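Welcome, and thanks for taking a look at this one with me. Below are a few notes on how some of the side chains pair up.

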Amino acid sequence: MRFNYLRNLNDGITLVTPNRRMAGLVADHYHTAKLNVGEVTWESPPVLPFVGWLTQTFRDLEIIRDAAISGLILLSPEQERVVWEQVVREGGDVEFGQVADLAALAMKAWSSALLWELPRSAIVASGGRQEARAFIHWSDRFQQRCRDLHAIDHHSFAAQLACRETLCPPLPGKFHFFGYVRLPNLLKRIELRVDGVDKASASGPGLSGNTLDYREYPNHEVELAAAACWARECKRLQPSAATAIALPGVSSIAPDLRQRLQRAFSSTPESADEASQLMLYCPIAASLAEVELVEAALLILDSRRSRPWEDISRLLLSPYFGVADGEREQRALLDAHLRRRSNIEVSIASVIDAGRNSGVRCPDLADRLEALLLGLQQIPDRQRMHDWMTFAEKQLRIAGWPGDRELNPVELAALAEWQRAMDAAAELDAILPTCSWQSAVSRWGAILR
């Protein structure tokens, strides 16, 4: 990044980025810059993702009792997603298993249409395709549903900001949109109409200059090869610098990604020695539900009395269940003992019995599983998500999650994200009726994914 953003952060100007990942990247660069000049303590940099900035702006306007948002609820992203699921499900002609995916697509299309100020007439005129007709129908129902709830989604709130002549009084701090390859039309209008925007930075060379080069390639394979060659050249010119390649859909090429990059860096004789010592880090983005610590929590909260063998095995061998280290060897032997039965599904009761009465004793595991089953026997048929969250926390404490050992930084980050997801689920009480325990766990799984 060649933008002069550190000076703006030091001046107290809030940088508004497209997403949380970009905000985290900017914050990391800011912290590194502070360390490099020898500073020991400093305030957190004023950088927010777009949705976070809109949330903060909404709260600021609530404090000053702004008439335009009086009585309105600002939907959280998860609340908005659930409303989209409701309108898609109620729209008919949609299979149950497709609702979540179609709702996510509709929500994305809605935000894109507002960001780029695409007129409804243009969508209608785009043709009689079934997808366009469905989106128009769902978006009408979504807006009506929001009116019924006295709510507004983030991008509609942004559109409201863009329609104002000014904010009076202005926002408490100056801000600037940062990190966009191309600034959407809606954000351009917000810059023109909101007094809080840092117009000096917007017009200067630091933040708004376009320093990106664009290339078009016939397919993904050619593009990946070109990106690897570009990274090799960057490394040749600046051996001590870190170089990154961001790949959408990286999971589809994950198996041999490292080898392909390694070959690219060693494709010429002069780079062979460098490549032999090259450190390649190839993180593959995965959903939070696939992180081992979170996966263990979902397995613990599962209410099924019989589970597929692979789920039982993961639970037995998980380091996040009770005193896993103290019973590690016994649990591994119990896993092998149960495998010899060759059952496709295993009941929790049989695991408890084997943990107490077989030749391989795992008393801590058996006691915790029995306590979890007892807790499930005492739950009501339906209650609020917030109440289910309280019950889930109790079940996880009974299970000893997340284990008896010290968590590493990655696990601590996953634990924080788990809590964020649970809080997001509790907010759904504003738009959802009471639900069953199974529905609550399914909802958590959807949020985590």
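1. A definition to begin with: rings of Phe, Tyr and Trp (its six-membered ring) count as a pair if their centres lie within 6.5 Å. Please keep in mind that this is a predicted model. With that cut-off, ring pairs link F50, W53, F175, F177 and Y180 into a cluster.

2. How many aromatic pairs are there by this rule? The count comes to 15. One of them joins W53 and F177, whose ring centres are 5.6 Å apart. The planes stand at 80° to each other, and the pair is edge-to-face, because an angle over 60 degrees falls in that class.

3. W53 belongs to helix α3 (residues 50–63) and F177 to strand β5 (residues 175–177). The two are 124 residues apart, and their pair links distant parts of the chain.

4. Now for the charged side chains. Side chains of opposite charge can pair when their charged atoms come close. The model has 23 salt bridges by the rule used here. Among them is the bridge between R356 and E370, at 2.7 Å from N to O. This pair, too, links distant parts of the chain: R356 is in helix α18 (residues 348–357), E370 is in helix α19 (residues 363–377), and 14 residues separate them. R356 is partly exposed at 25% relative accessible area, and E370 is partly exposed at 40%.

5. Have a look at R405 and E411 as well, whose side chains meet in a salt bridge of 2.8 Å, N to O.

6. R420 and E417 are both in helix α21 (residues 409–426), three residues apart, which is about one turn of the helix. Their closest N and O atoms are 3.4 Å apart. R420, at 46% relative accessibility, counts as partly exposed, and E417 counts as partly exposed at 24%.

Notes. Residues numbered from 1 in each chain as written. Predicted model: local features only at pLDDT ≥ 70, side-chain atom pairs only at ≥ 80, totals over all residues. Heavy atoms only, no water. Phe/Tyr/Trp six-rings, centres within 6.5 Å; stacked < 30°, edge-to-face > 60°. Helix = DSSP H or I, 4+ residues; strand = E, 2+ residues; numbered from the N terminus. Salt bridge = Lys/Arg side-chain N within 4 Å of Asp/Glu carboxyl O. Buried < 20%, exposed > 50% of the residue type's maximum accessible area, 1.4 Å probe, protein only.
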